[in-house]
Amino acid sequence: MQNADARQRILNSAKAIFLEQGYKKTTIRQIVRRSGLLIGSIYHFFENKEDIFQQLFFDIFDRCDALICRRFGSSADPPTRLALMCATMLHAADLDENICELYGELLSLHSSAEHHGQHLADWLSANMTRELAGQNESEVFARALAVGGVLRGLLANRYYRHRLPVSDLTRVMAESTFAILGIAQGRAAEASERVSSMQDELIAIAKSLIAY
């Protein structure tokens, strides 16, 4: 079996178990059993369960970006792409309570949140050189953490007695993302309207990510 196939089998197995019983109850042995691989194979690719968890979400983040680029092409500039990705995550969490819980775990565990923030900061540095020109690594990382913090707060809405519609959440997420990134207000308002008009398409992308 090729390394890429083995790695993906581990991630697919872990994702299935995480969705069934959550992050905390899942063990490495369960992932090994589901994958059909030897335990040594898992440690060849990943350090521990948390590393698998993080890598799974990194892959989902990158796949979400790829799907949005494929669907909207050059018409979605990097800030809008990020707003669309965050909106897709909110839709995925709205569709599946277990997804919502896993996102919450990812953004609440200190080391996972830090790695997630760094992954997003790397994405910002690679894709938003014009918008973030002159900012150092620390400033970019701080903005990435702020975006993650807003997303975590909005995800918690699922458990409130008076749940807000996901359309409101995605609008606020888009507006907050642009504000955090320092994007001009007029441009931010235009992008927010665009994100709001794409709810059905974002739901379709969210469903494909859950099934992935």
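**Reading a helical model**

Guide: Let's start with Arg7, which is partly exposed at a relative accessible area of 23%. Buried means under 20% relative accessible area, exposed means over 50%, and partly exposed is in between (1.4 Å probe, protein chains only).

Visitor: What kind of model is this, and how are residues numbered?

Guide: This is a predicted model, in which local features need pLDDT of at least 70 and side-chain atom pairs count only at pLDDT 80 or more, while totals for chains, interfaces and linings use all residues. Residues are numbered from 1 along each chain as its sequence is written, and side-chain values use heavy atoms, with hydrogens and water left out.

Visitor: How many salt bridges are there, and which residue pairs with Arg7?

Guide: Side chains of opposite charge can pair when their charged atoms come close. A salt bridge is a side-chain nitrogen of Lys or Arg within 4 Å of a carboxyl oxygen of Asp or Glu. By this rule there are seven salt bridges. In one of them, Arg7 meets Asp59, at 3.0 Å from N to O. This pair links distant parts of the chain, with Arg7 in helix H1 and Asp59 in helix H4, 52 residues apart. Helices here are DSSP runs (H or I, at least four residues), numbered from the N terminus.

Visitor: Is Asp59 buried or exposed?

Guide: Asp59 counts as buried, at 18% relative accessibility.

Visitor: Which residue forms a salt bridge with Asp65?

Guide: Arg81 does, and the closest N and O atoms are 2.9 Å apart. That pair joins helix H4, which holds Asp65, to helix H5, which holds Arg81, across 16 residues. Asp65 is buried at 10% relative accessibility, and Arg81 is buried at 11%. Contact means heavy atoms within 4.5 Å. Beyond its neighbours within four places in sequence, Arg81 touches residues including Asp65, Trp123 and Asn127.

Visitor: What about nonpolar residues: which have the most contacts inside the largest core?

Guide: In soluble globular proteins, nonpolar side chains tend to be buried together. A nonpolar core is a set of buried Ala, Val, Leu, Ile, Met, Phe, Trp, Tyr and Cys residues joined through side-chain atoms within 4.5 Å. Here the largest has 69 residues, and Ile52, Tyr103 and Leu124 have the most contacts inside it.

Visitor: Where do the buried residues of H6 pack?

Guide: Tyr103 is among the buried residues of H6. Those residues pack against helices H1, H4, H5, H7, H8 and H11.

Methods. Helix = DSSP H or I, 4+ residues; strand = E, 2+ residues; numbered from the N terminus.
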